[in-house]
Amino acid sequence: MSFAVRAVGLVKRFPGLEHPALDHLSLDVRVGEMLAITGPSGSGKSTALYAMAGLISLDGGTVAVLGDTPRGRAGWAALRAARIGLVFQEDWLLPTLTARQNVEMPMIGVEPSGPRRDARAHAALEEVGMGAMGDRMPAGLSGGERQRVAIARALANHPALILADEPTGELDTGNSNKVMALLTALNRQGTTVVIVTHDPQVAGACGRTVRVVDGKLEEGP
Ligand SMILES: Nc1ncnc2c1ncn2[C@@H]1O[C@H](COP(=O)(O)OP(=O)(O)O)[C@@H](O)[C@H]1O
Ligand SMILES: [Mg+2]
């Protein structure tokens, strides 16, 4: 069996926090899976997801993504650029760039040809139903549209793994459904998807749900 993520015994302490944010958390995500991570607020879901993306330093444990365990920040940055698409609750689009330029950002350093970047950004925007709005500035888009642009940006380099932290947290039901339809379609095409969510409907759309409580994993219904 091949794994998109193997997280073993993750420990993360933050200064001033009595209990560790991650307390020997282990989690395997199979290639091709669509997994929901749920759990109470403050239980360590985001920290676990960021650990899987190499975005935080750990006090213990190991993370392998698609068989690779990078050492150091540069190694993780290269792995993220090549293989991981990140989606957050907020879209974090750069307000001074158009939608298409935002989608091109992760390709800089990966795809040297400007015209090819442009074409690929357009294709990613088409994939999320935003092909006609590439020239718009983020301020001229609705919240749901901006989140779809953020997903297009995550797709820019054709990631094998998408890590999404409450991607529908700021969206109404209609836009939440659109985002989930999109992530489900990507998963059907073979992309492994991990979604942190509070929303039972979002979790219900995933093939498996795990629950994080007090920085540890509880296999859930
Ligand atoms: N950068 C940080 N500095 C200090 N404490 C943090 C930081 N990030 C998270 N925490 C703490 O770690 C715990 C887990 O946080 P988090 O992973 O964000 O929870 P969740 O996403 O499940 O709501 C919480 O107690 C939170 O306050
Ligand atoms: Mg969180």
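A polar contact is a pair of N or O atoms within 3.5 Å. The model discussed here is predicted.

**Ligand site**

| Residue | Protein atom | Ligand 1 atom | Distance |
|---|---|---|---|
| G44 | backbone N or O | oxygen | 3.0 Å |
| S46 | side-chain N or O | oxygen | 2.9 Å |
| T47 | side-chain N or O | oxygen | 2.6 Å |

On its own, ligand 1 exposes 560 Å². The protein buries 59% of that area. The surrounding residues are F14, L17, A21, P40, S41, G42, S43, G44, K45, S46 and T47. By class, this shell holds four nonpolar residues, six polar and one charged.

**Nonpolar cores**

The largest nonpolar core has 34 residues. Within this core, V103, V149, L183 and I195 touch the most other members.

Leaving aside residues up to four places away in sequence, V103 touches A121, A124, L125, V149, A152, R153 and A156. One of these partners, V149, is itself among the core residues that touch the most other members.

A second core is separate and has 27 residues. Its members include I37, M52, L79 and V210.

Conventions
Residues numbered from 1 in each chain as written. Chains lettered and ligands numbered in written order. Predicted model: local features only at pLDDT ≥ 70, side-chain atom pairs only at ≥ 80, totals over all residues. Heavy atoms only, no water. Core = buried A, V, L, I, M, F, W, Y, C linked by side-chain atoms within 4.5 Å. Buried < 20%, exposed > 50% of the residue type's maximum accessible area, 1.4 Å probe, protein only. Contact = heavy atoms within 4.5 Å. Near = heavy atom within 4 Å. Polar contact = N/O pair within 3.5 Å; in protein donor to acceptor, adjacent residues only side chain to side chain. Areas by Shrake-Rupley, 256 points an atom, 1.4 Å probe, with all protein chains shown as cover. Nonpolar A, V, L, I, M, F, W, Y, C, P; charged D, E, K, R; others polar.
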